[in-house]
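Visitor: I would like to learn how to read a structure like this one, beginning with a single residue and its neighbours. Could you take me through it step by step?

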Amino acid sequence: MALFGGMMGNASSIDPRAAAKEFGRLLAQGEVVHAAYQLIRDSFVFTDRRLILVDKQGMTGRKIEYHSIPYRSITHFSVETAGTFDLDAELKIWLSGGVEPIVKQFGKGVDVYEVQALMSTYAAG
(Lines give C-alpha, C1' and ligand atoms only; values in the text may rest on other atoms or scores of the structure.)
Protein backbone atom coordinates (compact mmCIF):
# COMPACT_ATOMS: atom_id res chain seq x y z
CA MET A 1 0.00 0.00 0.00
CA ALA A 2 2.90 2.39 0.71
CA LEU A 3 4.19 1.84 -2.83
CA PHE A 4 0.75 2.60 -4.27
CA GLY A 5 0.46 5.70 -2.09
CA GLY A 6 3.88 6.87 -3.27
CA MET A 7 2.91 6.35 -6.90
CA MET A 8 -0.16 8.49 -6.33
CA GLY A 9 2.03 11.29 -4.91
CA ASN A 10 1.23 10.69 -1.26
CA ALA A 11 3.94 11.08 1.32
CA SER A 12 4.57 8.58 4.07
CA SER A 13 6.41 9.16 7.31
CA ILE A 14 10.03 8.01 7.63
CA ASP A 15 12.18 7.71 10.73
CA PRO A 16 13.96 11.02 11.51
CA ARG A 17 17.19 9.16 12.41
CA ALA A 18 17.19 7.43 9.01
CA ALA A 19 16.61 10.78 7.31
CA ALA A 20 19.43 12.37 9.32
CA LYS A 21 21.74 9.58 8.20
CA GLU A 22 20.66 9.74 4.55
CA PHE A 23 20.83 13.54 4.29
CA GLY A 24 23.57 14.12 6.85
CA ARG A 25 25.82 15.90 4.34
CA LEU A 26 23.11 18.55 3.90
CA LEU A 27 22.77 19.30 7.60
CA ALA A 28 24.62 22.07 9.40
CA GLN A 29 26.57 21.23 12.52
CA GLY A 30 24.10 20.65 15.34
CA GLU A 31 21.06 20.70 13.01
CA VAL A 32 18.44 18.16 14.11
CA VAL A 33 15.91 16.35 11.94
CA HIS A 34 12.51 16.34 13.66
CA ALA A 35 10.37 14.68 10.98
CA ALA A 36 10.72 13.40 7.44
CA TYR A 37 8.36 12.22 4.72
CA GLN A 38 9.03 10.37 1.50
CA LEU A 39 7.35 9.85 -1.84
CA ILE A 40 8.62 7.19 -4.22
CA ARG A 41 11.78 9.18 -5.00
CA ASP A 42 11.33 12.61 -3.43
CA SER A 43 11.58 13.52 0.24
CA PHE A 44 11.02 16.44 2.50
CA VAL A 45 12.68 16.93 5.85
CA PHE A 46 11.70 19.17 8.77
CA THR A 47 14.75 20.20 10.80
CA ASP A 48 15.00 22.60 13.71
CA ARG A 49 16.26 25.27 11.25
CA ARG A 50 14.62 24.74 7.86
CA LEU A 51 12.52 22.63 5.56
CA ILE A 52 14.53 20.62 3.01
CA LEU A 53 12.78 19.45 -0.17
CA VAL A 54 14.59 16.71 -2.08
CA ASP A 55 13.54 16.42 -5.72
CA LYS A 56 15.00 13.49 -7.67
CA GLN A 57 14.71 14.33 -11.35
CA GLY A 58 14.78 12.45 -14.63
CA MET A 59 14.23 8.80 -15.40
CA THR A 60 17.13 7.54 -13.28
CA GLY A 61 16.79 9.97 -10.39
CA ARG A 62 20.53 10.67 -10.51
CA LYS A 63 20.00 14.40 -10.83
CA ILE A 64 18.82 15.69 -7.47
CA GLU A 65 17.73 19.17 -6.44
CA TYR A 66 17.99 20.03 -2.74
CA HIS A 67 15.74 22.98 -1.94
CA SER A 68 16.41 24.54 1.45
CA ILE A 69 13.65 26.75 2.83
CA PRO A 70 14.46 28.73 5.99
CA TYR A 71 11.35 28.81 8.15
CA ARG A 72 11.51 32.61 8.31
CA SER A 73 10.73 32.76 4.55
CA ILE A 74 7.42 30.93 5.03
CA THR A 75 4.69 33.56 5.12
CA HIS A 76 1.80 31.20 5.86
CA PHE A 77 0.64 27.64 5.45
CA SER A 78 -2.51 25.56 5.46
CA VAL A 79 -3.26 21.97 6.35
CA GLU A 80 -6.33 20.25 4.92
CA THR A 81 -7.44 17.03 6.54
CA ALA A 82 -8.65 14.03 4.58
CA GLY A 83 -12.36 13.74 3.88
CA THR A 84 -14.74 10.85 3.37
CA PHE A 85 -14.10 10.47 -0.35
CA ASP A 86 -10.74 12.24 -0.49
CA LEU A 87 -8.40 10.05 1.56
CA ASP A 88 -5.43 12.41 1.28
CA ALA A 89 -4.48 15.30 3.51
CA GLU A 90 -2.69 18.29 2.01
CA LEU A 91 -0.06 20.78 3.16
CA LYS A 92 0.33 24.12 1.35
CA ILE A 93 3.27 26.42 2.06
CA TRP A 94 3.55 29.99 0.78
CA LEU A 95 6.98 31.63 0.60
CA SER A 96 7.74 35.35 0.73
CA GLY A 97 7.93 36.71 -2.81
CA GLY A 98 6.04 33.74 -4.23
CA VAL A 99 2.50 33.55 -5.57
CA GLU A 100 1.82 29.82 -5.81
CA PRO A 101 2.18 27.60 -2.75
CA ILE A 102 4.30 24.48 -2.47
CA VAL A 103 1.79 21.62 -2.19
CA LYS A 104 2.44 18.22 -0.60
CA GLN A 105 -0.05 15.35 -0.35
CA PHE A 106 -0.13 13.04 2.66
CA GLY A 107 -1.62 9.56 2.67
CA LYS A 108 -3.75 8.38 5.56
CA GLY A 109 -0.69 6.85 7.27
CA VAL A 110 0.62 10.33 8.14
CA ASP A 111 -0.61 12.28 11.14
CA VAL A 112 -1.38 15.60 9.45
CA TYR A 113 -1.83 17.21 12.88
CA GLU A 114 1.81 16.37 13.62
CA VAL A 115 2.80 18.15 10.41
CA GLN A 116 0.65 21.15 11.37
CA ALA A 117 2.30 21.24 14.81
CA LEU A 118 5.77 21.19 13.22
CA MET A 119 4.84 24.04 10.91
CA SER A 120 3.35 26.02 13.80
CA THR A 121 6.43 25.47 15.91
CA TYR A 122 9.00 26.44 13.31
CA ALA A 123 7.28 28.66 10.73
CA ALA A 124 5.45 30.82 13.26
CA GLY A 125 8.71 31.74 15.03
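Guide: Let us begin with the contacts of one residue in this predicted model. Leaving aside residues up to four places away in sequence, I14 touches A19, A36, Y37 and Q38.

Visitor: In which strand is I14 found?

Guide: I14 belongs to strand β1, which covers residues 10-14.

Visitor: Does I14 count as buried or exposed?

Guide: A residue is called buried when its relative accessible area is under 20%. I14 has a relative accessibility of 18%, and therefore it counts as buried.

Visitor: What separates the C-alpha atoms of I14 and V110?

Guide: Although I14 and V110 are 96 residues apart along the chain, their C-alpha atoms are separated by 9.7 Å.

Visitor: Which residues does K104 touch, if those up to four places away in sequence are not counted?

Guide: With those set aside, K104 touches F44, L53, A89, E90 and L91. K104 is found in strand β8, made up of residues 102-106, and because its relative accessibility is 19%, K104 counts as buried.

Visitor: How many helices and strands does the protein have, now that we turn to the whole chain?

Guide: The secondary structure comes to three helices and eight strands, and, read from the N terminus on, the elements run α-β-α-β-β-β-β-β-β-β-α.

Visitor: What share of the residues of the protein count as buried?

Guide: Of its 125 residues, 38% count as buried, while the protein exposes about 7,700 Å², of which carbon and sulfur atoms supply 54%.

Conventions. Residues numbered from 1 in each chain as written. Predicted model: local features only at pLDDT ≥ 70, side-chain atom pairs only at ≥ 80, totals over all residues. Heavy atoms only, no water. Helix = DSSP H or I, 4+ residues; strand = E, 2+ residues; numbered from the N terminus. Buried < 20%, exposed > 50% of the residue type's maximum accessible area, 1.4 Å probe, protein only. Contact = heavy atoms within 4.5 Å. Areas by Shrake-Rupley, 256 points an atom, 1.4 Å probe, with all protein chains shown as cover.
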